[in-house]
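Open the model in your viewer and keep the selection tool at hand.

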Amino acid sequence: MDFGFNDEQQEIQRTAREFLAARFTPEKVRELAESRSYDDSLWNEISELGWPGIAIDEAHGGQGLGMIELVILCEELGYACAPTPFLSNAAAGLLIDAVGGDEHRDEWLPGIASGEARGAAAFTPDDPAVVPDAEGAAAIVLPEGDGVRVVRASDAEFDPVELIDATRAYARVSAEGGDALPGDPAAGVSRVAVAVAAELTGIAQRAMEMAVEYAKEREQFGRPIGAYQAVSHRCARMLLDTEEARSLAYYAGWAADAEPESLPMAAAMAKARASDAAWDVTASALQVLGGIGFTWEHDLHFLLKRARATGQLMGTSGQYRERVAELVGLAAEPVPG
Amino acid sequence: MDLTLTSEEQAFRDEVRSWLEANHPGPEPEGDDSAKFEFQREWQGKLHEAGWAGISWPKEYGGRGATLVEQAIFSEEMARARAPRPANVLGLVMGGPVVIAHGDEDQKERFLEPILSGEEIWCQGFSEPESGSDLASLKTKAVAENGGGDGSPAKGWRVTGQKVWTTFAHAAKWCMLLARSDPDAPKHKGLTYFILDMEQDEVDVRPLRQITGEAEFNEIFMENAYVPDENVVGGVGNGWMVGITTLMHERAGLGAASAVALRRDLDDLVALIQERGLAGDPVIRDRVARLQVAAEALRLGGLRTLTQTMRTGIPGPEGSLAKWQWADANQELTELATQVLGPEGLERSEWSYKFLRSRANSIEGGTTEVMKNIVAERVLGLPRLR
């Protein structure tokens, strides 16, 4: 029994934290968000590090590592609030890998793993679907009834939408046809939910740190506001929310690789918890920051908006709790008699 | 990361499980408190004979020297088998570990074995009517006898004051007592940790009836009660540090077991909801799902803390959160259960008892407000209010 990262995983985490802090400085994040754009050279660097293929097998050009490693990267990307097409590309890879046949894996996974022919995935069942990072992707994974299909970008129409979250690009995508993937999408969908939960955990962690730092420095009535329990207990709650989200996201990452029978429940719990945690912590951080937190000038709003938008990717916390209730053994229909 | 048990850990679990299957004493007698206590004392004797009583204690003191993972497995198996608690739980979880950590050789020789066997029951005298969360302000005083003012060593101490919320005081031989031995020192520095003999006329125990109707706790009144000098643990004036060790053992000891108990009650609640035909109610479904998430977050947080402690010797921040999470979850669980049962849930029953008992969860062993202070100050590094 060991619930911690091994040396290699710790190294991935450390490298990611350092790389992202150096590349996605607050100024850089602001510049990209305000222009609603990505930096291609940064995506190339991320691709050279092998991140897009971290959970894809070596035969398809990936690193052949697992969900835990992907969870680590997603958490750090959330922490950095990094504007990149990483998450949507990873989601497309997870879905094609889990649901597709050999021909789909052979066709799409190498480009997704190298970052040279990105994928993008719809995170909601709407039609037309709102797809993060659709523009510039080669393949788009869309819902199709109870399953999923892959559509070539050239066969799709894009209608960019500007959500409140400016750190990620979104577009409504409509497309006919494409290849319906033959497998059961459940495992792929659960894996994507885990990746999203990990990113949300990182967002919560960063917002908590901002709030705590501010509460130590900002003085009112002659002392730091963090000395007042109305503020310090709010910060303690942020830690509880963040740590619960983290424990559940790590567990779900482990279950995906090592104990797939536990994945549906683990993923549903992780996503439900992380969606709420990221919103609650960022909103609470804004309250601690007070007026300055409501200004455009402060960076918190990028996290707050990303928390809100990302929290709804793959479904809301309420939808995942409904799934948890089902899996815990509550029959959806009232028991007769 | 591997959340499955190693083959050694599995073997350990199987050993515990089959021993419990063969030796489980059956359900506790109901109603009569003293019969229940004797039952628990016999149970502890059985545990001790098989070497399970002091599972966390080092082997040289009669324990098993089990790893943290093995201790967690043992707690889980005890909860899974619905095995009764040993009678001397406070001695095993708090008193013994403190003597092992801070006591001298004579004290180890004198006190440890009867704790394990259940022959001598221990209770804890920390809280006072005027000193709850602000424990270090406690007023019970200890005056050195024959110490004089000339620096000659004290032969003993006379203790006067009142303690409250003392579990097992009526059955206890020994009390872990925090008292003020130096009224002039700063409040954290003037305390000493004593082992008080409860079997003397100067100690009066009165049961304290709580909102559940039972008297699980007691008040202790001490009037010039005698403590020999050799029953000072960790040195005069070091009581705060020694006492904190006790509380850390208390919180760590409760951690693994409380997560399992919560899981078990949640399973019972799910069955109850099905039985009452309420499984389709969307509000109930949402509340159950929240409880499931909370119970798993508590369990997993405990495992992360365990791993961190095994790797570094220092528990991570998650440990400070567990008591708070558990209190919140247990209160919500019992509220939901009594609501599911309707008026029946307020009749005298196991659920109505648990419902009322859970109100103490956010107070006992450190209030939720104190837990939040600890998290804010020691984990997040926020400035202290005081």
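Select the contact first: chain B puts in 42 residues and chain A puts in 42 residues. Two residues are in contact if their C-beta atoms, placed from the backbone, lie within 7 Å.

Stay on the chain B side. Pick α6 (239-275), α7 (282-312), α8 (318-341) and α10 (368-379) of chain B; each supplies at least two residues of the side that touches chain A. Helices are DSSP runs of H or I with at least four residues, strands are runs of E with at least two, and both are numbered from the N terminus. Now highlight α7(B), which gives the most to this side, with 16 residues. Colour the side of chain B that touches chain A by class: 23 nonpolar, 8 polar and 11 charged residues. Here Ala, Val, Leu, Ile, Met, Phe, Trp, Tyr, Cys and Pro count as nonpolar, Asp, Glu, Lys and Arg as charged, and the others, Gly among them, as polar.

A word on provenance. This is a predicted model: local features need pLDDT of at least 70, side-chain atom pairs count only at pLDDT 80 or more, and totals for chains, interfaces and linings use all residues. Residues are numbered from 1 along each chain as its sequence is written, while chains are lettered from A and ligands numbered from 1 in the order in which they are written.

Colour by pLDDT, the predictor's confidence in each residue, from 0 to 100. Chain B averages 91, and 94% of its residues score at least 70. The complex gets an ipTM of 0.96 and a pTM of 0.94 from the predictor.
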